[in-house]
Amino acid sequence: MDQTLKKQLQITACKVRMGIIEGVFNAKSGHPGGSLSIADTLTYLYFHKMHVDPKSPKMADRDRLVLSKGHTAPALYSVLAQRGFFEVDELKTLRKIGSRLQGHPDMKHIPGVDMSTGSLGQGISAACGMALSGKISSAGYKVYAVLGDGEIEEGQVWEAAMFAAHNKLDNLVAVVDNNGLQIDGKITEVCSPMPITDKFEAFGWHVITMNAHDFDDIERAFDEAEKINGQPVVIVQKSVKGKGVSFMEDQVGWHGSAPNAEQYEQAMSELKAQLEKLEG
Amino acid sequence: MADVIKKATRESYGEALAELSSEYPDLIVLDADLAAATKTGIFKKACPERFFDCGIAEANMMGVAAGIASTGKKVFASSFAMFAAGRAFEIVRNSIGYPHLNVKIGATHAGISVGEDGATHQCNEDIALMRTIPGMTIINPADDVEAKAAVKAALDFEGPVYMRFGRLAVPVFNDKETYKFELGKGVQLRDGNDVAIIATGLMVNEALKAAETLAAEGINARVINIHTIKPLDKDIICKAACETGVIVTAEEHSVIGGLGSAVAETVTECCPVPVVKVGVNDVFGHSGPAADLLKEFGLCAENIVAKVKEAVKLKK
């Protein structure tokens with residue numbers, strides 16, 4: 001990847017992480033862990049890969065993204081705000097009465113949100129519908145669906161996986177955020193969905209693995225995905241839950257709890273230090 | 001007496017989709033391995049490129065329909081009522097209802113008249129389930145003419161619609177030439193001020209038969225067809241309540257949460273009168289010929305007559 005672009009994406013991802021912490025802290029609730037693990041990938045997609053226009057969020061030929069792991073809405077909102085779909089300051093209204101920024105994505109009211117999600121396992125089906133519609137109309141848009149590794153325990157995901165392969169939806173790219181943790185503990189201990197790659201392969205998908213926190217690797221994975229014809233693609237990204245905030249990293253407790261004032265200060269100072277270093 | 005033409009509303013549904021296919025070139029139809037039974041197979045034959053079989057996976061089908069609708073196309077998703085409203089309930093609520101997407105759900109094989117398949121497939125709860133979803137429109141047509149008109153009306157309406165069709169061939173009593181379907185409007189089929197029989201689906205024809213019998217015995221029953229259960233035509237119901245003083249509802253659905261409940265909820269707010277319900281009395285069905293089951297469960301003109309006679313005694 002071009003070094004200037006890489007630096008720019010790293011800077012943006014850091015700001016996205018600050019927005020996540022800002023939102024969840026002000027809401028006094030939310031899901032920081034899985035939001036932080038997906039921050040780099042969403043930044044890459046919205047700032048480099050996807051054809052979107054903040055001035056025209058409903059543009060017909062736009063690429064679409066369905067955040068199937070809807071509880072990580074703080075990451076999506078933060079990316080959309082950075083990208084200019086709405087003011088960054090609005091992130092502070094997350095989960096509050098009167099705010100557009102609902103606890104889970106609401107396509108009716110939030111510019112840039114392509115599908116309402118939150119009930120796990122459902123977003124991938126909607127993404128299949130969008131991709132199928134694109135195929136029917138020979139529209140050139142791509143559809144991205146982001147799933148949690150715990151989420152794929154939902155049976156509906158595999159109904160969708162079967163459907164996407166059967167209909168050769170090569171305009172669909174699913175990302176499975178493999179941070180290894182879900183609410184009740186390690187995914188391998190709760191009710192293991194492993195092996196993830198073999199399962200998707202058996203369902204007829206082209207499988208790519210990726211380091212979720214390395215933009216060179218992210219670019220390689222999505223570039224490879226673009227070249228696949230005749231079958232849907234899944235990128236299983238190895239990620240760190242809570243990535244970027246030292247005390248949140250790989251800690252199951254940060255799946256769905258908000259930092260207190262002290263923790264907020266620490267998280268923000270860590271991220272500010274990372275940002276200063278990047279902007280150097 | 002001329003022979004009564006009978007036709008299942010699922011046939012009307014499949015035929016209407018095929019007939020309307022050229023008028024609605026962006027219409028997509030989905031089914032879950034039941035195209036031969038739901039009759040979407042008729043559309044499939046006419047427009048194979050716009051028909052997609054999702055396999056036995058109703059949850060995914062509803063989500064796929066939501067995704068298609070989000071791109072601006074019209075879409076029907078079809079299965080038996082049990083699976084469309086029952087199994088896929090939460091997907092219909094969260095992926096279709098909450099974002100208020102333009103998905104039409106074609107649910108066939110509703111009610112006890114499924115017959116021999118028995119209780120697992122006899123869905124008497126779908127109207128109750130769908131009524132609880134904010135913004136969901138529910139249509140339960142009474143015959144072939146109404147069913148076909150309703151499919152077109154649903155396609156012209158922007159927003160989620162649940163359409164209920166039957167497996168059993170039922171009499172066609174509406175006149176194709178003069179019938180006009182108005183979404184959300186009840187239809188008064190017979191005037192009378194002693195009692196109002198408010199019916200939906202295949203029970204409308206039974207209500208008309210019951211009214212004939214009652215007239216011969218000196219009871220003049222008003223008969224109202226409620227094809228749109230949500231939004232409910234409150235005006236026609238409240239007017240009937242005030243003018244007749246007692247209501248009997250008739251539906252091929254549980255007495256819990258369906259038309260009877262909706263009517264009772266309405267009249268308690270505008271004109272409280274006794275509401276006696278004819279429906280499936282909070283029990284599961286069982287296997288048997290549809291016609292026999294309808295009689296056994298009291299979903300027939302004879303039972304409406306009996307209930308009306310009880311009901312009029314409750315009048316103040």
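## Close-up views of a predicted two-chain model

**Salt bridges across the model.** Over all chains, 29 salt bridges are counted, each being a side-chain nitrogen of Lys or Arg within 4 Å of a carboxyl oxygen of Asp or Glu. The model is predicted, so local features need pLDDT of at least 70 and side-chain atom pairs count only at pLDDT 80 or more, whereas totals for chains, interfaces and linings use all residues. Residues are numbered from 1 along each chain as its sequence is written, chains are lettered from A and ligands numbered from 1 in the order in which they are written, and side-chain values use heavy atoms, with hydrogens and water left out.

**View 1. The salt bridge between Glu226(A) and Lys49(A).** The two side chains meet at 3.2 Å, N to O. Glu226(A) lies in helix H8 (residues 215-226) of chain A and Lys49(A) in helix H2 (residues 32-49) of chain A, so that the pair links distant parts of the chain, 177 residues apart; helices here are DSSP runs of H or I with at least four residues, strands are runs of E with at least two, and both are numbered from the N terminus. Glu226(A) is partly exposed, with a relative accessible area of 44%, while Lys49(A) counts as buried at 17%. Buried stands for under 20% relative accessible area, exposed for over 50%, and partly exposed for values in between (1.4 Å probe, protein chains only).

**View 2. The salt bridge between Asp144(B) and Lys7(B).** The closest N and O atoms of this pair are 3.3 Å apart. Asp144(B) belongs to helix H8 (residues 144-156) of chain B and Lys7(B) to strand S1 (residues 6-7) of chain B; the pair links distant parts of the chain, 137 residues apart. Asp144(B) is buried at 11% relative accessibility, and Lys7(B) is buried at 18%.

View 3. A salt bridge of 4.0 Å, N to O, joins the side chains of Arg50(B) and Glu49(B). Arg50(B) is buried, with a relative accessible area of 10%, whereas Glu49(B) is exposed at 51%. Elsewhere, salt bridges that share partners connect Lys7(B), Glu15(B), Glu19(B), Asp144(B) and Lys148(B) in one network.

**View 4. The surroundings of Asp114(A).** Asp114(A) is found in the loop between helix H3 (73-83) and H4 of chain A. Asp114(A) is buried, with a relative accessible area of 5%. Its side chain makes a polar contact of 2.9 Å with the side chain of Arg62(A). A polar contact is a pair of N or O atoms within 3.5 Å; within protein, one must be able to donate a hydrogen and the other to accept it, and residues adjacent in sequence count only if both atoms are side-chain atoms. Neighbours within four places in sequence aside, Asp114(A) is in contact (heavy atoms within 4.5 Å) with Tyr46(A), Arg62(A), Asp63(A), Arg64(A), Leu65(A), Met107(A) and Met130(A).

**View 5. The nonpolar cores.** The largest nonpolar core has 145 residues, and those with the most contacts inside it are Leu65(A), Trp205(A), Phe222(A), Ile235(A), Leu30(B) and Met62(B). Helix H1 (residues 3-27) of chain A gives the largest share of this core, 10 residues. Such a core is a set of buried Ala, Val, Leu, Ile, Met, Phe, Trp, Tyr and Cys residues joined through side-chain atoms within 4.5 Å. A second, separate core of 31 residues includes Val170(B), Val223(B), Leu294(B) and Val308(B).

**View 6. The contact between chain A and chain B.** The contact takes 25 residues from chain A and 23 residues from chain B. The two chains bury about 1,900 Å² between them, 60% of it on carbon and sulfur atoms; buried area is the accessible area (1.4 Å probe) that two parts lose on being put together, summed over both. In chain A, Gln122(A), Glu159(A) and Phe163(A) lose the most area to chain B, together 25% of what that side buries. Between the chains there are zero salt bridges and 10 residue pairs in polar contact, both residues at pLDDT 80 or more. Helix H4 (123-136) and helix H5 (155-166) of chain A each supply at least two residues of the side that touches chain B, and H4(A) gives the largest share, eight residues.

**View 7. The surroundings of Ala221(B).** Ala221(B) lies in strand S11 (residues 221-225) of chain B and is buried at 1% relative accessibility. Leaving aside neighbours within four places in sequence, the contacts of Ala221(B) include Arg190(B), Gly192(B), Ile197(B) and Leu214(B).
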